[in-house]
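Have the viewer open while you read.

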Amino acid sequence: MHTRGGSSGSLEEGKTPYVRIINHPNRPLPLRLLQFFLLLLGLGILFSFLSLYASRYLKVETEVSVVHSRFQPCAREPNTIESWIRTPSNLLHHMNDDELFWRASFVPQIQQFPFKRSPKIAFMFLTRGPLPMAPLWEKFFDGNDKLYSIYIHSLPSYQPDFPPSSVFYGRQIPSQVAEWGMMSMCDAERRLLANALLDISNEWFVLLSEACIPIQNFSIVYRYISRSRYSFMGSFDDPGPYGRGRYDEKMSPEVNLTDWRKGSQWFEVNRKLAVDIVEDSLYYPKFEKFCRPACYVDEHYFPTMLSIKSPHLLANRSLTWVDWSRGGAHPAAFGKDDITHEFFKNIFDGEPCFYNNQPTSLCFLFARKFAPSALDKLVANSTLFFGF
Ligand SMILES: *[C@@H]1O[C@H](CO)[C@@H](O)[C@H](O)[C@H]1NC(C)=O
Ligand SMILES: *[C@@H]1O[C@H](CO)[C@@H](O)[C@H](O)[C@H]1NC(C)=O
Ligand SMILES: *[C@@H]1O[C@H](CO)[C@@H](O)[C@H](O)[C@H]1NC(C)=O
Ligand SMILES: *[C@@H]1O[C@H](CO)[C@@H](O)[C@H](O)[C@H]1NC(C)=O
């Protein structure tokens, strides 16, 4: 009886204010007001009975959905495999790099996918701002929707103005300032990889600049990359001052002189190597501290690190053609006067290379650097030049 006494006591306390108001000698409550309160009370009781009845009735019909919606009123079907494999609809998130890289490093331990997966190529554009070659890329991508995705890293201040019909619309990732030859450039590349890794359907990752163009049609590019046993990361041992000459003894024992590699910044890697790059915390601090200009870290960090970690997965060459023949610190850039059928024939008929350990003449899928003035001629003649 103890409990009951307690509970009735608290009920009494709850009533006290009412009692006090009703019996207040100085302000006698008008009978009308009292009636009004009683009416409200009655309506309230009636309404709560009705809603109770209604919810019972509904529960019988859709027991499961009612139970679900009671716990997660906003999320739709959050516990299906769909929620784990769905392509993220919005690229803008609020993770910082540490959070993003951690999330991006998740790797399933079961190799077989329990759903149908069409592996995609992620085209990652590392740019300052506009993409002058966008119309040529649009032609290249046309009709291949399910086999690619696009990510753009530009200066944070840049406001893109792609129309909603463009393949580049809404493809900007949260970006930070990246300076050429500095670690912030590698950070931007890792940020692109990490964002692209969030989509489980991306299997290959191509880094491109605003001055890059495709020089083969999409079917050839897709087949070439998807059937390769190796990833196309340029990587070679250069004994000269611009190669081994940039190595710093303080990087050992993590990186020895014989491990030191150089390669083009414009790479293609598979998912495994992309995770290797994003998760790295062993080599990163060494390069950050000891590879500063005139050591250009974006030419050494990924080639060297991957050559140590996963040498058997590297083709050691780039898919992006570039012309260094004019000498100097920057490769040649081509404008509208350079663009001829002959120009591209010379690229296609260049030195042979190895593909899956076999010699081949098809060595390049992309080329740089092209000035905005080259665009119109490229678009007008892309069928003749590139077969798209
Ligand atoms: C792509 O190019 C190759 C060779 O140039 C050609 O055989 C093929 O038909 C082209 N594919 C498409 C879809 O245009
Ligand atoms: C660098 O050399 C040291 C000493 O010979 C060795 O212990 C270390 O494993 C080497 N590092 C790599 C990455 O091979
Ligand atoms: C690329 O170079 C590494 C050494 O850095 C070597 O182990 C690997 O076999 C090379 N890849 C190919 C395809 O030759
Ligand atoms: C390419 O397109 C331009 C128009 O922009 C045209 O003048 C030119 O003759 C075309 N052909 C070649 C081979 O450049």
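How far is an oxygen atom of ligand 4 from an N or O atom in the side chain of Asn-381? The distance is 2.5 Å. Keep in mind for this and everything below that the model is predicted.

## Ligand 4

Besides Asn-381, the surroundings of ligand 4 include Lys-377, Ala-380 and Phe-385. On its own, ligand 4 exposes 360 Å², and the protein buries 48% of that. Sorted by class, its shell comes out as 2 nonpolar residues, 1 polar and 1 charged.

## Ligand 2

Move over to ligand 2 and you'll find Pro-253, Glu-254, Asn-256, Asp-259 and Ile-308 around it. A polar backbone atom of Pro-253 sits 2.9 Å from a nitrogen atom of ligand 2, and an N or O atom in the side chain of Asn-256 is 2.4 Å from an oxygen atom of ligand 2.

As for cover, the protein takes 38% of the 360 Å² of accessible area that ligand 2 has on its own. The shell around ligand 2 holds 2 charged residues, 2 nonpolar ones and 1 polar one.

## Ligand 3 and Asn-316

Ligand 3 has Tyr-230, Arg-261, Pro-311, Leu-314 and Asn-316 around it. Leu-314 takes part through its backbone, with a polar atom there 2.8 Å from a nitrogen atom of ligand 3. Asn-316 uses its side chain instead: a polar atom of that side chain lies 2.4 Å from an oxygen atom of ligand 3. In the shell, 3 residues are nonpolar, 1 is polar and 1 is charged.

With a relative accessible area of 39%, Asn-316 is partly exposed.

Some background first: most residues other than glycine have a negative phi, and most peptide bonds are trans. Asn-357 is another non-glycine residue with a positive phi, here about 70°. It belongs to the loop that runs between strand E7 (353-355) and strand E8 (358-360). Its relative accessibility is 45%, so Asn-357 counts as partly exposed.

Then there are the cis peptide bonds. One goes from Pro-293 to Ala-294, with omega near 10°, and Ala-294 lies in the loop between helix H10 (284-290) and helix H11 (301-309). Another goes from Arg-368 to Lys-369, with omega near 0°. Look for Lys-369 in the loop between strand E9 (366-367) and helix H13 (375-380).

## Aromatic pairs

How many aromatic pairs does the structure hold? The count is 41. Take Phe-125 and Trp-137: their ring centres are 5.2 Å apart and their planes stand at 90°, so this pair is edge-to-face. Phe-125 is in strand E1 (residues 120-126) and Trp-137 in helix H6 (residues 134-141), so the pair ties together parts 12 residues apart in sequence. Both Phe-125 and Trp-137 are buried.

For a stacked pair, go to Phe-141 and Tyr-148, at 4.3 Å centre to centre with 25° between the planes. Phe-141 and Tyr-148 are both buried as well.

Why does H7 count as largely enclosed by the rest of the structure? Because 15 of its 15 residues are buried.

Finally, find Ser-209 in strand E3 (residues 202-209). Buried or exposed, which is Ser-209? Its relative accessibility is 5%, and the cut-off for buried is under 20%, so Ser-209 counts as buried. A polar atom of the Ser-209 side chain lies 3.0 Å from the backbone nitrogen of Ala-211.

Note on methods: Residues numbered from 1 in each chain as written. Chains lettered and ligands numbered in written order. Predicted model: local features only at pLDDT ≥ 70, side-chain atom pairs only at ≥ 80, totals over all residues. Heavy atoms only, no water. Near = heavy atom within 4 Å. Polar contact = N/O pair within 3.5 Å; in protein donor to acceptor, adjacent residues only side chain to side chain. Areas by Shrake-Rupley, 256 points an atom, 1.4 Å probe, with all protein chains shown as cover. Nonpolar A, V, L, I, M, F, W, Y, C, P; charged D, E, K, R; others polar. Buried < 20%, exposed > 50% of the residue type's maximum accessible area, 1.4 Å probe, protein only. Helix = DSSP H or I, 4+ residues; strand = E, 2+ residues; numbered from the N terminus. Phe/Tyr/Trp six-rings, centres within 6.5 Å; stacked < 30°, edge-to-face > 60°.
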